[in-house]
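Let's take a friendly walk through this structure, one region at a time. Keep the 3D view open as you read.

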Amino acid sequence: MFQSFEVTARPEQGPPRLNALRMQIAKAGLDGFVVPRADAHQGEYVAARDARLAWLTGFTGSAGFCVALGDVAGVFIDGRYRTQVKAQVAAEFTPVHWPEISMAQWLRSQLPNGGRIGFDPWLHTADQITQTESALAGSGITLVQSDNLVDAIWDDQPAPPMEPAKVHPLEFAGESHDAKRTRLAKTLSDAQQRAAVITLPDSICWLLNIRGADIERNPVVHAFAILHADSTVDLYSEPSKYTGLMDHLGENVRLQSPDRFLPALEALGGPVRIDTSTVPQIVADTLGEAATAGAEPCALPKACKNVAEIEGSAAAHLRDGAAIVELLCWLDAQPIGSLTEIQVVTQLEAMRRRDNGLQDISFETIAGTGPNGAIMHYRVTEETDTRLEEGHLIVLDSGGQYLDGTTDITRTVAIGTPPLEACHAFTRVLAGMIAMSRLRWPTGLAGAHIEAIGRMPLWLAGQDFDHGLGHGVGAYLSVHEGPQRLSRISKVPLEPGMILSNEPGYYREGAFGIRIENLLVAQEAPDLPAGDAHRKMLDWRTLAFAPIDRRLIVPELLEPAARDWLNSYHAEVETKIGPRVSAAAKQWLSAATAPI
């Protein structure tokens, strides 16, 4: 199994660890210390060694941070985790609704007479520190760079990951790393910049056509890089990981030990581009006046997939869709009340493992039945494993890491006869998903401009959900990829080749959860007979194919155009997936995709 189900953190472990941290805070002459969920590379996902927030607090979400003061410890969590955090942290930790309440606002209320708050400059971006310092101006509260105080008390902290890197073949990458380096270096020389610093592991792996295994579920290798305007790269990563890869990297990629990274920055003459939203504060400090702010050079090129990457993703989704159909067929055949969440997760992984191209799952499978479905990022453990009972809905959010693409798909399935209120909510969620899938929009619009399309059916009923409508997805890389997002805060214009999720949902705490998700790729839309020829438009190509549970749909709540889309989509699911599954699953699929 890729996925395990043991409990990784317990609430009762938090208080003694918090006490030990407070002793370190006092010893350092500080009034508090910030513990983020971040590592030195500033990616979304962290290795076990860097899971300091979970180790200290018990909270295992993918975003958030803790500020530990002498008499209070705030755990800052966004809308996705406000149910989850209640079960994961002890009473000694206080959940704080973030970003509604910023760290600076909270500190001002907790420390009216000022104070010194320590932070590890490797674990916070330059933007985070600048913005917080600005918001604290005049408060008497100062941010102080410090050694990591959690590491000082974490006696059994795991060792750094040392998994080997591997070549990502050109047939999947679609472009050589020589061509990528040359293309991106031109943007530096055109801007009269000597170099750019890259710290995000997925950007470095994309640039050099390599993959790794330093972070679970994400095929990346830990590294820092300096891309020079002459197209050469200095790569700072543990050399032992690259055995057998030097011919692939070539003479224009110079591999060096990570401890040479900061000295190399000190020696660089400016201007050197840094993306202040992704590089750690220590990078900005080390470069000093040589640094100039700009977009990380790999971000947009990586987001705009080439033909090989798009077609690879499409092929991976067809094979993944077959695994989903086999699972759904199996699930429907089991007596109600006979299965638990872990059994569903285990069976789904077994279905995916039939594909030789599967390298890993793309994240821990979310299989939440009944009230667990309302926990947006629920992770089943041996202690929380729940039986699928009559009237439950199970939210099944999962994906695979295949050599040719990364998948992410969510289906909500009825167990027995679902409650009518759940069917109404499901139909509204489905209507929002369909509305986004059908959308055409003018070029130049960002996720913030169109995200509301997927929420409108819920809004009309006075309902909503507390996560973005969609996130970017990599090409055999991170399942969450920036900078593209379908989010009310995303200002990055959508461009052809960008892959995003489309996943509206609805969550009734203590009762049920609903989410429906397909991956889409943006593409140039064909001209319409009545359209303005000068007005260029984009639309979506759907990549994911699996049936949507018809038992949860209230047809009269769907507009005719939405019903037509669903029937057309289901016909395509049967055509594309039917030949790839067993005879029993094919028969089940035919019924599951019947028109409504």
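## A buried histidine

In this predicted model, H228 has a relative accessibility of 14%, so it counts as buried. H228 belongs to strand 10, which covers residues 224–228. Beyond its neighbours within four places in sequence, H228 is in contact with A185, L188, R194, A195, D234, R254 and L268.

Next, have a look at the open sheet whose 3 strands follow the order 16-17-20 with antiparallel pairing. Strand 16 (366–369) and strand 20 (409–414) are its edge strands, each pairing on one side only. On average, and ignoring direction, neighbouring strands of this sheet are turned by 10° against each other.

Strand 17 (residues 393–398) and strand 20 run antiparallel and are joined by 6 bridges. For L396, the bridge partner in strand 20 is R411. Helix 13 (residues 307–333) packs on the sheet, where it touches strand 17 and strand 20, and its direction makes about 15° with that of strand 20.

Helix 15 (residues 420–437) packs with helix 18 (residues 560–577) at an angle of about 80°, and their axes are 10 Å apart. Because of that angle, helix 15 is roughly perpendicular to helix 18.

Which residues make the contact? Helix 15 brings L430, M433, I434 and S437, while helix 18 brings A562, W565 and L566. Sorted by type, the residues of this contact between helix 15 and helix 18 are 6 nonpolar, 1 polar and no charged.

## Salt bridges across the chain

The model has a count of 32 salt bridges. One of them pairs R10 with E383, with the closest N and O atoms 2.7 Å apart. R10 sits in the segment before helix 1 (14–27) and E383 in the loop between strand 16 and strand 17, so this pair ties together parts that are 373 residues apart in sequence. R10 counts as partly exposed because its relative accessibility is 31%, whereas E383, at 55%, counts as exposed.

E364 forms a salt bridge with R217, and here the closest N and O atoms are 2.6 Å apart. This pair links distant parts of the chain, 147 residues apart: E364 is in the loop between strand 15 (358–361) and strand 16, and R217 is in the loop between strand 9 (210–211) and strand 10. With 9% relative accessibility, R217 counts as buried.

D397 and R515 also meet through their side chains in a salt bridge, at 2.9 Å from N to O. D397 lies in strand 17 and R515 in strand 26 (residues 512–515), so the pair ties together parts 118 residues apart in sequence. Both D397 and R515 are buried.

Definitions and conventions. Residues are numbered from 1 along each chain as its sequence is written. This is a predicted model: local features need pLDDT of at least 70, side-chain atom pairs count only at pLDDT 80 or more; totals for chains, interfaces and linings use all residues. Side-chain values use heavy atoms; hydrogens and water are left out. Two strands pair if DSSP finds at least two bridges between them. Helices (H or I, at least four residues) and strands (E, at least two) are DSSP runs, numbered from the N terminus. Axes are lines fitted to C-alpha atoms, for helices over the stretch in contact, and angles run from 0 to 180 degrees between N-to-C directions. Contact means heavy atoms within 4.5 Å. Angles under 35 degrees count as roughly parallel, over 145 as roughly antiparallel, 65 to 115 as roughly perpendicular and the rest as oblique. Ala, Val, Leu, Ile, Met, Phe, Trp, Tyr, Cys and Pro count as nonpolar, Asp, Glu, Lys and Arg as charged, and the others, Gly among them, as polar. Buried means under 20% relative accessible area, exposed over 50%, partly exposed in between (1.4 Å probe, protein chains only). A salt bridge is a side-chain nitrogen of Lys or Arg within 4 Å of a carboxyl oxygen of Asp or Glu.
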